[in-house]
Amino acid sequence: MRKDAARDLLIARGADGLDHPGGTLLAHLDRVEARLAAWGARKALRLAGLCHAFYGTDGFAEQLLPLEARAVLAGAIGEEAEELVYFYASCDRDVSYKELGNEDGRFRDRFTGETFTPTERQRRDFAELTAANELDVLRENRELWSRYGGGLLKLFTRWRSLLSEPAFEAARELLTLRGAEREAFLRGLERGDVVRGVVSRIASFGGTFVELGGVEALMNFPEVSWSRYDLPSDVIAEGEEHPFMVLDVDMSRERISLSLKALESDPMAAFARGGFGGVRVGMVTAIAPSAVLVEMAPGVEGLLHEKDLGGLAPREGDELTVEVTSVNLVTRRVALRLRG
């Protein structure tokens, strides 16, 4: 069996004598292979998980085989699995990690310096193997869990579309903060703080959940953008990382409320400073039962009542000549008068 041949080669190259969190390197590799098997990975990926340290990695410099001996490993585990081992080992993490979730993201080979766009299969295999490897390390070493767990959970949230459901759920189970560590995280936040988070999911009710690195926060529907939108997904997407402003930290419910639009200038406030007087042209953006909405500037819509239309029946996209009669920054309403 190829697995037996791989383990024999690992032992021959000293993997059973190298220290690693949770015992020896061989013990770690066995656990990675077992985790991938539990997640339903195909045989080649499981073998790559068992052998992923043969050429060293960007985070583990020790090489069990030089690159010139790739044929030796291929003979033991097969060409597909060996190519996965090389692909994983060759990753320049500074370049590749942040782009792996993008279909056209760059991957840099740290051995050759080549930069290219990997296939979807390569991206999925790399993400799955990374999750199996890193979760095992952090499960065995609490100090590393405390130092890197939050960052890894944000990384795996960015890679959510690439990971199998069991892999992502395992990451959330291990890396989500609980108890005193969760409380300390919450107490470390204040209203007005700016934090970076990854959009983890957009719920059917319009709420947007954001992974902050061990704690998931909520952004309510109106806090996505100043501009008109039907759904948060019109503005943002799952897996994207953004800066957010903390609006509130509710310790009793352990809930963090965020805003994306709070970090942008309020277009209505800017409009109010210079929006009065004169005649201007706006575009009809929506038709209501007794009024129409007219866009006066990006992110600013005014209201023109039906009784003031003078018999006109405008449609969306039509242009109207209007005058701004009032701007209320509390109710966020701009009143208009039709002009000929």
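**Helix packing around H4**

A: The axes of helix H4 (residues 70-77) and helix H5 (residues 79-89) come within 7 Å and cross at roughly 130°. This is a predicted model. The crossing of H4 past H5 is right-handed. On the H4 side, the contact uses Arg70, Leu73, Ala74 and Ile77. H5 brings Glu79, Ala81, Glu82, Glu83, Val85 and Tyr86. By class, this H4–H5 contact has six nonpolar and four charged residues, and no polar ones.

H4 also packs on helix H1 (residues 2-12). Here the axes lie 7 Å apart, at an angle of about 145°. H1 supplies Arg2, Ala5, Ala6 and Leu9. From H4 come Val72, Leu73, Ala74, Gly75, Ala76 and Ile77. Eight residues of this H1–H4 contact are nonpolar, one is polar and one is charged.

Next, helix H9. H9 spans residues 165-175, and its buried residues are Ala167, Phe168, Ala170, Ala171, Leu174 and Leu175. They sit on the same side of H9, because they cover an arc of only 160° around the axis. What covers these buried residues includes helix H2 (25-38), helix H7 (120-140) and helix H8 (142-158).

Key:
Residues numbered from 1 in each chain as written. Predicted model: local features only at pLDDT ≥ 70, side-chain atom pairs only at ≥ 80, totals over all residues. Heavy atoms only, no water. Buried < 20%, exposed > 50% of the residue type's maximum accessible area, 1.4 Å probe, protein only. Helix = DSSP H or I, 4+ residues; strand = E, 2+ residues; numbered from the N terminus. Arc of directions from axis to C-beta. Contact = heavy atoms within 4.5 Å. Axes fitted to C-alpha atoms, helices over the stretch in contact; angles between N-to-C directions. Left-handed = near helix turned anticlockwise from the far one by under 90°. Nonpolar A, V, L, I, M, F, W, Y, C, P; charged D, E, K, R; others polar.
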